[in-house]
Amino acid sequence: MDSRVQPSLSRRRALLLGGGLALTALVAACQSSTPAAAPTAASASSAPAAAPTAASAKSAPAPTTAPTAASSSSTSATPAATAASAGQAVSLSLSYRSGNAPYFKERSTAFNKANPQFTIEQKPIAGSNDAYYPKLSAEFAANSASDVFWVSTGFGMYDNYAFAQQLIAADPFIQSDKVDVGQWFKAAIETLKLDGKLYALPWGMHPDDIGLYYNIDMLQKAGVEAPSVDSETFDSLAQKAVKLTKRTGSHTDIWGIISKTTPFEGLISQVRSFGGDFMSEDKKQAAANTPEFKDAITWFYNVRTQLKCNPLLAETPQAGAETPFVAGTVAMFNSGVWDMSLTDKIGTRFKMGISLMPKGPKGTRGSMAHVDTISGYGKGKNQAQAFKFIEFLTNQESGVQNALANSFFGARPDVWADPRPGQKYGKAYVDVWQTATENTMPLDEPYNFRLLELNTAMDNTMSKVWSGDSTPDKIIPTLQDAMNTVLSKPRQ
Amino acid sequence: MATSTQARSTAVAAKSAGTHRVLGGIVWYAVVSGLGILFMGPFLWTVGSSLKGPTDLYVYPPELFPPTLVWQNYVEIWTFAPLLRFIENSLVAGVLTTLGQTLSAAAVGYGFARFKFPGRGAFFILLMSTLIIPPQVMMVPRFLLYKDIGWLDSLFPLWVPAWFGGSAFFIFLMRQFFMTIPRELDDAAEIDGASGVQIFWHILMPLTLPAVATVAIFAFLWNWNDFISPLIYLTSEHNFTLPLGLRFFQQEAGTGGEPREQLLMAASIIDTLPPILLFFALQRYFVRGIVMSGIKG
Amino acid sequence: MSAVGTTLRTATRRSGTARDRRRAFAGYLWISPWLLGFVVFYLGPTVASLYLSFTSYNVVSAPQWIGVNNYIYAFTKDPQFWNSLLKSFTYAIEAVPAGVIISLGLALLLTARFWGTALYRTIFFLPGLTPIVAAVLIWQWIFDPQVGPLDYVINAAGGTGPGWLGSTKWALFALVIIILWSSVGANRMVIFIASLEGVPQELYDAAKVDGAGHFARFWHVTVPLISPSTYFNLVLATIASLQVFEVAFLTTNGGPDYATWFYMLQLYQSAFVNFDMGYASALAWIFVVLVVSLTYLQIRWSESWVHYEGGD
């Protein structure tokens, strides 16, 4: 608890004693709206725009003396925090989704071993994104978030939080700690920039659900050549899918392919392959009314309704294509980097292969950099020390451990260069995904940051097409409207 | 408890023995067992999945139980997350909630059912309104409230409200039950010189045991399965309750790693055991005999 | 006894206002725990949410007063507002009567005097105990159009499943099935059982002597005597149905094509996906007014059919 907040607290306590207990919540909820209230005033001094340098000068005894900051891509874990060793014991709290607990606990222990003056307090948030962000936001509202936390772009709230000045502005610390941002992929850094400034370091990145996993046994049996990373076209892929599809009566025993068009991510990458995109340059308007956009969704419409080698919406498993693929009723399916760990579920039942979704008519393959970050609390104390921990959690070894624990490969070229993930998952997977990741296009955030809301509108509108109830021609004006309704909302 | 039911049914059966009765029994068992299988099906799948290895999770055609049962899952869950600690927290919150909720709901329900006071109707509507306000919008204001009174990251927010009426559901339930009890009982006792507290405790409470048992079970159960409140109010792992603990076994969408579904299922089975035991144990209070003996006293 | 009671009550009633005042005071005392709890745990957050409904508030920055704009937006601009109301009411109409009737049926079955009722009650209660994270996994798999056991059976019988959760026409009904599975044997059934067990055997015996058959006894003895519980279950099932959220949130997330876009989902999305907490609060207050009116109507309607032994 920041000592500067004390006056307001005691005032509120007095209210409480005075019998105004019921209203305290209201007061608390509105506290930030009253300019005079202490918390806002206090936090203003540490506002990212100006304060970080001041804050670092104040609270970090020797930030500039970090001679071997984590910037060097050396595998050693120690340099990250030597700077703070001059100081006294520091306790930092760390929040993440509880499903990733084993990984973050292991990393915290490693950090503590290398820098004994740091103790890391685990504050996992139980559940997935649906539980994580509400909880984190409530903590921001109460000025009580953890010092360091995971937050992602895309389906996450990174941009919203950065815009609301809840995150540590990273640039001053990057300068003082001499962090080389070149150690991460450029697309990762670009995706994290908001108005040219960084508010976190990239922990992981994936190029979207553009992978194509396939059942090798099934392909061999049907005499179908494995899809190629380089020379496959959308047409040739559709033909292969048709050959692989098997029916008895009206029931489909084996689907040739399950492509991923819900949620939006898979779809947008494919639209980019066809040369289109989903928003205008200024990210304020929908761009669904282009011929390229229509060509792209027409392919996905055709494989469902004309060629019938890809299930319609009602025939698509809700829990994702992994389940039927593992069960052996789908020949090829479209997914992300993490599914290279599916071999654990498949066992010896069949052999799995990996390719990517085809390149478009002009030879480009669309993609989108989804970046997960490690951020720090912009109103927390010990920001300089917190940033040391952020550097540690985004260094090479943490990236490799992330790849090993979560099949999530991180935003660093040197993680891909490390032999361990290849030994665990198989070199073929790592190679294909490395290529895809190195060439990934950045993620475009709408100007008003309402990406999730936009996604909901797109998914629901497009489901008319994926269920065969409407056609690309008919849906595009509706889609354009639905998207613009969201994009025209104010920034927040 | 089983014996008393058994004794009863044997006695009843003996009284009205005959082919009619036997036929009725056969039909009854057929219907109830059929429905039972339908209801148990998904639960059995949880049991089956909790004993699967990662490669047995999804096969086609569907398999309820894997070829080899992996009991190791039930060992692994205890080391994967501090389940014991979570269970302990859940039990503390659950027991305190159940006690407070039962007592306060009975008292308040009694007040609404038996006393006339100005504004009773309005208060009752107010009470029902608390059931209607979507909890989602109270989340942030409540979080701030608990922060101000220093209750965050403690079990207080989970059980203290139960001592002050808790959920209107239970008060409403108790009121409904008190209202089915003939008013003459109170009047007679009052003439004998019993006070309101005595009437409540010695005359009406024994008669509402089925309702009290219902409140106790539900109060415990809801607390046991509540995810949102602990999620919002608890931050340190050592304070987590079991529903939060279960999420440790949940795989993140968009990340891979070793399959954990079988562990989630095993942990879910552990999670359901305490409420099952409680439900089984409290059932005897639903049995007619007790209610009747109370009335005839 | 009843006649004595009535005279007694009229007698005491006549005895003056001092007693009435004492009893009114006692009434306040009995409900005081709730009153206190209400003021502390509900009033503050409620007033706060009412205030927030007139603001633009994204939780992390300060709320800004915008008057009734949120309400205007809901009624006139929000493309899904009316649809979400429609979906919630459709769901309530499908789930409430079916749920209450099935629960009562199960309760009647399970109050029969046969050996093993305790075990069977537990079996029907089990689904309500299954943690939601596990239940969702199970049902997504059961409804899976390709590898799920339900369609496996349908295909074996020569039919084709309708696509369940992925179908714009069937998704809502699939959710009704999940909820019925998890709820008919839980709260409602237990309340019915407790209530059925409370019907005095003497009344059945007397009716039997009068020559009433099974159905007549059920209709003239059971139904009126358990009517307070029926009413209770009905009111709460209605409220719970209109608040349906979690099951849709975890399976369909409102889709496909907004087929399961329930009001609470709309509210949740506004609050914690779009982080328009001010707008979500306005949605909440619209909902409160709506459901309070509905509950009020239910209370008025209940006076014509709910039978209280000890009411006044």
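1. Let's start with the A/B contact in this predicted model. Here 40 residues of chain A are in contact with 34 residues of chain B. On the chain A side, helices α1 (6–30), α5 (129–141), α13 (322–327), α14 (343–346) and α16 (396–406) each put in at least two residues. The largest share of that side comes from α1(A), with 5 residues. By residue class, the side of chain A that touches chain B splits into 17 nonpolar, 16 polar and 7 charged.

2. Next, the B/C contact. Chain B brings 92 residues to it and chain C brings 87 residues. On the chain B side, helix α2 (residues 19–49) gives the most, with 11 residues.

3. Among the elements covering the buried residues of α8(C) are α2 of chain B and, from chain C itself, α4 (81–109), α5 (117–129), α6 (132–142), α9 (187–197) and α13 (246–250). Which residues of α8(C) are buried? They are C:Ala171, C:Leu172, C:Ala174, C:Leu175, C:Ile178, C:Ile179, C:Trp181, C:Ser182 and C:Ser183.

4. α8 of chain C runs over residues 171–183, so 13 residues at 1.5 Å a residue should span 18 Å. The end C-alpha atoms are 18 Å apart, which agrees with the expectation.

5. Back in chain A, have a look at strand β3 (residues 148–152). Of its 5 residues, 5 are buried, so the strand is largely enclosed by the rest of the structure. Both faces are covered: A:Val148, A:Trp150 and A:Ser152 are buried on one side, and A:Phe149 and A:Val151 are buried on the other.

6. Now for the pairing partners of β3(A). With strand β1 (residues 90–95) of chain A, β3(A) pairs in the parallel sense over 2 bridges, and A:Leu94 stands opposite A:Val148. In what sense does β3(A) pair with strand β10 (residues 370–376) of chain A, parallel or antiparallel? That pairing is antiparallel, over 5 bridges. One residue pair to click on there is A:Val151 with its bridge partner A:Thr373 in β10(A).

Key. Residues are numbered from 1 along each chain as its sequence is written. Chains are lettered from A and ligands numbered from 1 in the order in which they are written. This is a predicted model: local features need pLDDT of at least 70, side-chain atom pairs count only at pLDDT 80 or more; totals for chains, interfaces and linings use all residues. Two residues are in contact if their C-beta atoms, placed from the backbone, lie within 7 Å. Helices (H or I, at least four residues) and strands (E, at least two) are DSSP runs, numbered from the N terminus. Ala, Val, Leu, Ile, Met, Phe, Trp, Tyr, Cys and Pro count as nonpolar, Asp, Glu, Lys and Arg as charged, and the others, Gly among them, as polar. The expected span of a helix is 1.5 Å times one less than its number of residues. A residue is buried if 20 or more other C-beta atoms lie within 10 Å of its own, exposed if 12 or fewer, and partly exposed in between; C-beta atoms are placed from the backbone. Two strands pair if DSSP finds at least two bridges between them.
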